[in-house]
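Please read the points below with the model open alongside.

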Amino acid sequence: MPEALSLYDLNALVRRSLEQCLPDEYWVQAELSEVRMHPATGHCYVEFVQKDPRGNNLVAKVRGVIWNNVFRLLRPYFEESTGQAFEAGIKVLVQVSVSFHELYGFSLTVHDIDPTYTLGDMARRRREILKQLEDEGVLTLNKELPMPVLPRRVAVISSPTAAGYGDFRHQLEHNPRGYTFQVTLFAAAMQGDRVEASILEVLDAINSRVEQFDVVVIIRGGGATSDLSCFDTYLLAAACAQFPLPIITGIGHERDDTVLDSVAHVRVKTPTAAAEYLIACMDEAADRLNELAVRLHEGVTARLEQERRRLYQCRIPASAVRRVSSAQLELLTARKDLHRSVETLLARHRHRLELLRQ
C-alpha cells in the first residue's frame, strides 16, 4: 500500500510550494464581485473575479482579504482619489501576495491599490455610455429643449432631508426681486444602490403630470464624493436625455462630472447654484420686459412727435388765415353798408309812394 498523506499535510505542502514559487508581491487587475467588512475586526473580505470580455462569463475567481491596518488607510485614499466608493462592481489594480491556508484555502492578501487604474476604467465606462447615447441619437435631446422664459413651476428630485434641498428652497424664497416659485418635491434616494431605480420612478411620476411643470431640478447636497458613481448609469442617463422637460443638475462638486451631468440641459455645481440659475432666468425675462417697455415708450413718444411735426407742416399758412380774417371783416362791413343802403332806398321809395298817394 502506497504511503498516503493526510489532507492537512497535502495542504501544508501546497502552502510551502506556493510560498517558495510565489514569494513576491504582484500587481493584479481584477473586478470586485463582493466587498464585505467585518464590523468587529475591521478587516475587509473581498472576492476578485475576471470575466470573459466576449461572453461576460467568469474565467477566474479568488478570495481576498485586506487587513484592518491596511484597509483603514487604503479605503479613504482610494475613495478620495477616485470619487468612487470601494464596493462591488468596480475594477481595481491591487498589489497582492499569494497565500494558502490549510483550512481556508487559496487567497490573496491586498497590500496596496492604484486608484488611477480605476479612474481610467470609470472614464472608459462613461465614454462608452455617452457613445451609446450618441449612436442612439438621444445624447443632446434634453439640451435642445427650449428653456421656458419664466421657469416658475419646478419639480425637484432630492432627498427631503438633504441640506442641499434646504439651501435650494432658501435661495429661491429669498431672491432679491421677490419672484414667486412653485416648488414640488419628489423624494428619491441620492446615494446607495437604489439611486437609479428611485430617480427613474420619480421621473415617471413627473412625466405623468408634465403639463404642471416648467423644469426638473435634480439636486444632491452634503453627500460624499464617492457616491457620485450611481449617476453614471446608462438607464438613468437615457431617461434624462429623453425627458420632455429641461433638466438642471446640481449633484456634484467642483471637479466632478457624471454621465447625468453630460446629458442634462444645464449642469451647475451645487443646489444653491441651481436656484441661482432659475433666478437668473427670471431676471433675464424681467430685464427684457423692462427693456421692451422702455422701447415701447420711446417709440410711442417718437411717433407722437413725428405726427405733431407732420400736422404742423400740413396746417394752413398764417397768410391764408389773415386773408380769411380780412375777408370776413370785409363781408361784415359790406353787410352793414348793404343794410344801410337798403334802408335808405326803402325810405326814399316809401316817401315817393306817399307823395303819389297824396
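1. Helices (H or I, at least four residues) and strands (E, at least two) are DSSP runs, numbered from the N terminus. Axes are lines fitted to C-alpha atoms, for helices over the stretch in contact, and angles run from 0 to 180 degrees between N-to-C directions. The model is a predicted one, in which local features need pLDDT of at least 70 and side-chain atom pairs count only at pLDDT 80 or more, whereas totals for chains, interfaces and linings use all residues. Residues are numbered from 1 along each chain as its sequence is written, and side-chain values use heavy atoms, with hydrogens and water left out.

2. Helix α2 (residues 68-82) packs with α3 at an angle of about 40°, their axes lying 9 Å apart. The two helices α2 and α3 are therefore oblique to each other (angles under 35 degrees count as roughly parallel, over 145 as roughly antiparallel, 65 to 115 as roughly perpendicular and the rest as oblique). The crossing of α2 and α3 is right-handed, that is, the near helix is turned clockwise from the far one by less than a right angle, anticlockwise being left-handed.

3. Which residues of α2 and α3 meet? From α2 come Tyr-77, Phe-78, Ser-81 and Thr-82, and from α3 come Pro-115, Thr-118, Leu-119 and Met-122 (contact means heavy atoms within 4.5 Å). Five residues of this contact are nonpolar, three are polar and none is charged; Ala, Val, Leu, Ile, Met, Phe, Trp, Tyr, Cys and Pro count as nonpolar, Asp, Glu, Lys and Arg as charged, and the others, Gly among them, as polar.

4. Helix α3 (residues 115-135) also meets helix α6 (residues 234-241): their axes come within 10 Å and cross at roughly 40°. That angle makes α3 oblique to α6, and the crossing is right-handed. On the α3 side the contact is made by Ile-129, Gln-132 and Leu-133, and on the α6 side by Tyr-234, Ala-237 and Ala-238. By class, five of these residues are nonpolar, one is polar and none is charged.

5. Helix α5 (residues 195-207) is another partner of α6, with axes that come within 9 Å and cross at roughly 20°. That makes α5 roughly parallel to α6, in a left-handed crossing. Glu-196, Ile-199, Leu-200 and Leu-203 of α5 make the contact with Leu-235, Leu-236, Ala-239 and Cys-240 of α6. Seven residues here are nonpolar, none is polar and one is charged.

6. The largest pocket has a volume of about 480 Å³. A pocket is defined on a 1 Å grid over the protein atoms alone, as an open set of points where a 1.4 Å probe fits, with protein on both sides within 12 Å along at least five of seven lines; lining residues have an atom within 4 Å of a point. Grid points are joined across faces, edges and corners, and a volume is the space filled by probe spheres set on the points. Of its 21 lining residues, Arg-125, Ser-229, Cys-230, Asp-232 and Thr-233 are the closest to the centre. Helix α3 gives the largest share of this lining, six residues.

7. The second largest pocket holds about 330 Å³ of space. Its lining has 17 residues, with Tyr-45, Arg-63, Val-65, Tyr-104 and Ser-107 nearest the centre.
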